[in-house]
Each structure stands twice: as structure tokens, then as C-alpha cells.
Amino acid sequence: MTDTGNTQYEALWPRSPRQAKVRPLAKRLDTLDGKTVAWIWDYVFRGDEVFAQLEESFRQRYPGSKFVNWSEFGSTHGGDERKVIADLPGKLKTLGVDALVSGMGC
């Protein structure tokens with residue numbers, strides 16, 4: 001039997017049906033002045049440096065703002081990731097957080 005180059009193979013589509021429904025975005029804050037902003041990150045790439053610079057800039061632009069350091073939450077990547085994310089809503093509420101900035105490194 002000679003191969004004519006017309007061999008066909010079955011293929012499966014690698015994507016599954018969408019699991020989560022599209023939801024509307026949360027209402028945005030009009031200003032950060034007087035608000036409490038939390039920083040969270042995955043401890044992978046210089047978040048400590050980046051958030052320190054952002055916080056300094058935010059303090060100048062929004063002098064009435066308060067900040068919750070990333071160290072309050074733990075890493076959003078790695079062994080404790082599931083617990084950190086699961087605990088996040090409760091911690092944000094307890095700390096009175098109005099806005100959150102999440103950073104991740106690659």
C-alpha cells in the first residue's frame with residue numbers, strides 16, 4: 001500500500017466549554033483620597049519595591065489615603081495560595097479595604 005499523503009487524523013478541540021459566566025465589573029471608585037488601598041502580590045518579582053514606589057506616589061496624589069501592606073496577606077502563589085485567596089475577602093473586610101492592587105511577576 002502506498003501513502004498518498006492524504007492521511008486524515010481525528011483531532012480534539014483543546015478548549016473546554018466556558019465554566020464561568022461573564023459578570024459585570026465592580027463599580028469604580030471616583031477617587032482614592034480617603035480610601036484604604038491594599039497591596040497583594042505573589043512574592044515573585046520585586047513587588048516590595050514596586051509597591052513602595054506606588055505607595056509614595058499615591059500618598060502625594062491622595063494624601064488622605066491609607067495603605068495595607070502586602071505582608072498582611074501572604075503570597076498569592078505557591079503552597080499557601082489557596083488559603084491566602086480564600087482568606088482574602090474576610091481580611092479585606094476586617095481591614096476596611098476600599099481598593100486592592102494585585103501584582104504578579106513572571
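This is a predicted model: local features need pLDDT of at least 70, side-chain atom pairs count only at pLDDT 80 or more; totals for chains, interfaces and linings use all residues.
**Entry 1**

I started with H1, which covers residues 47-61. I looked up its length and got 15 residues, reaching 20 Å from first C-alpha to last. That is close to the 21 Å expected at 1.5 Å a residue.

Next I asked which residues of H1 are buried. I found Gly-47, Phe-51 and Glu-55. Seen down the axis of H1, these buried residues fall within an arc of 65°, so they line one face of the helix. I wrote a reminder beside that: an α-helix has 3.6 residues a turn, so residues three or four places apart point the same way. On the other side of H1, I noted Gln-53, Glu-56, Gln-60 and Arg-61 as exposed.

What covers the buried residues of H1? My list includes S1, S2 and S3. The helix lies across these three strands, and I read its angle to S1 as about 165°.

**Entry 2: the sheet**

I then turned to the strands. They form an open sheet of 3 strands in the order S2-S1-S3, and the pairing is parallel. The edges are S2 (66-68) and S3 (99-103), each pairing on one side only. From one strand to the next, the twist averages 25°.

I checked how S1 and S2 are joined and counted 3 bridges between them. Opposite Val-68 of S2 I found Ala-38.

**Entry 3: Thr-36**

I picked Thr-36, a residue of strand S1. Is Thr-36 buried or exposed? Its relative accessible area is 7%, and buried means under 20%, so Thr-36 counts as buried. Leaving aside neighbours within four places in sequence, I listed what Thr-36 is in contact with: Lys-66, Val-68, Leu-95, Gly-96, Val-97, Asp-98 and Ala-99.

**Entry 4: the cores**

Last, I looked for nonpolar cores. The largest has 9 residues: Leu-32, Val-37, Trp-39, Trp-41, Phe-51, Tyr-62, Phe-67, Trp-70 and Ala-99. Strand S1 (residues 36-41) gives the most to this core, with 3 residues. Apart from it I found another core, of 7 residues, including Ala-38, Phe-73, Leu-92 and Val-97.

I also looked up one member of the largest core, Leu-32. Not counting residues up to four places away in sequence, Leu-32 touches Val-37, Phe-58, Tyr-62, Ser-65 and Ala-99.

Key
Residues are numbered from 1 along each chain as its sequence is written. Side-chain values use heavy atoms; hydrogens and water are left out. A nonpolar core is a set of buried Ala, Val, Leu, Ile, Met, Phe, Trp, Tyr and Cys residues joined through side-chain atoms within 4.5 Å. Buried means under 20% relative accessible area, exposed over 50%, partly exposed in between (1.4 Å probe, protein chains only). Helices (H or I, at least four residues) and strands (E, at least two) are DSSP runs, numbered from the N terminus. Contact means heavy atoms within 4.5 Å. Two strands pair if DSSP finds at least two bridges between them. Axes are lines fitted to C-alpha atoms, for helices over the stretch in contact, and angles run from 0 to 180 degrees between N-to-C directions. The expected span of a helix is 1.5 Å times one less than its number of residues. The arc is that of the directions from the helix axis to the C-beta atoms.
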